[in-house]
Amino acid sequence: MNLTITSDLEPLRRARIRALSQGTSVNAVLREFLTSYAGSDVETSARAHLADLARASTASSGSQGRTWTREDLYADRFDRDLSVHEP
């Protein structure tokens, strides 16, 4: 399938130079970008399945909400690291 795009001359010129220095073409770069942007059918399906699982999940932080901080989670690790470096 062919696609026609409109671009200012200077960005297109720089893109051609960059693509050439990378051993490719602007066309190949755009094709790769579109493939990645659109995602494959497998990726799209996996994302949709994950979103469905998240919506259906009954997991929560409880009625009080989150009662811990990031610092709380890493406190033990930080204390252990300090004890290793003490003389």
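**Close-up views of a predicted model**

The structure holds 1 aromatic pair. This is a predicted model, in which local features need pLDDT of at least 70 and side-chain atom pairs count only at pLDDT 80 or more, while totals for chains, interfaces and linings use all residues. Residues are numbered from 1 along each chain as its sequence is written, and side-chain values use heavy atoms, with hydrogens and water left out.

**View A. The aromatic pair of Phe 33 and Tyr 37.** The ring centres of Phe 33 and Tyr 37 are 5.5 Å apart and their planes lie at 20°, so the pair is stacked. Rings of Phe, Tyr and Trp (its six-membered ring) pair if their centres lie within 6.5 Å; planes under 30 degrees apart count as stacked, over 60 as edge-to-face and the rest as tilted. Both Phe 33 and Tyr 37 belong to helix α2, 4 residues apart, about one turn of the helix. An α-helix has 3.6 residues a turn, so residues three or four places apart point the same way. Phe 33 is partly exposed at 48% relative accessible area, whereas Tyr 37 is exposed at 66% (buried means under 20%, exposed over 50%, partly exposed in between, with a 1.4 Å probe and protein chains only).

**View B. Helix α2 and the residue after it.** Helices are DSSP runs (H or I, at least four residues), numbered from the N terminus. The 13 residues of α2 should span 18 Å at 1.5 Å a residue, and its end C-alpha atoms are 18 Å apart, which agrees; the expected span is 1.5 Å times one less than the number of residues. Gly 39 follows α2 and has a positive phi, near 75°.

**View C. Helix α3.** This helix covers residues 41–56 and reaches 22 Å from its first C-alpha to its last, close to the 22 Å expected at 1.5 Å a residue. α3 is hardly covered, as the count of buried residues among its 16 residues is 0.

**View D. Ser 25 between two helices.** Ser 25 is placed in the loop between α1 and α2. With 32% relative accessibility, Ser 25 counts as partly exposed. Ser 25 and Ala 15 are 10 residues apart in sequence, and their C-alpha atoms are 8.6 Å apart in space.

**View E. Arg 66 and Trp 68.** The charged end of Arg 66 sits over the ring of Trp 68, 4.9 Å from the ring centre. A charge sits over a ring if NZ of Lys or CZ of Arg is within 6 Å of the ring centre and within 35 degrees of the ring normal.
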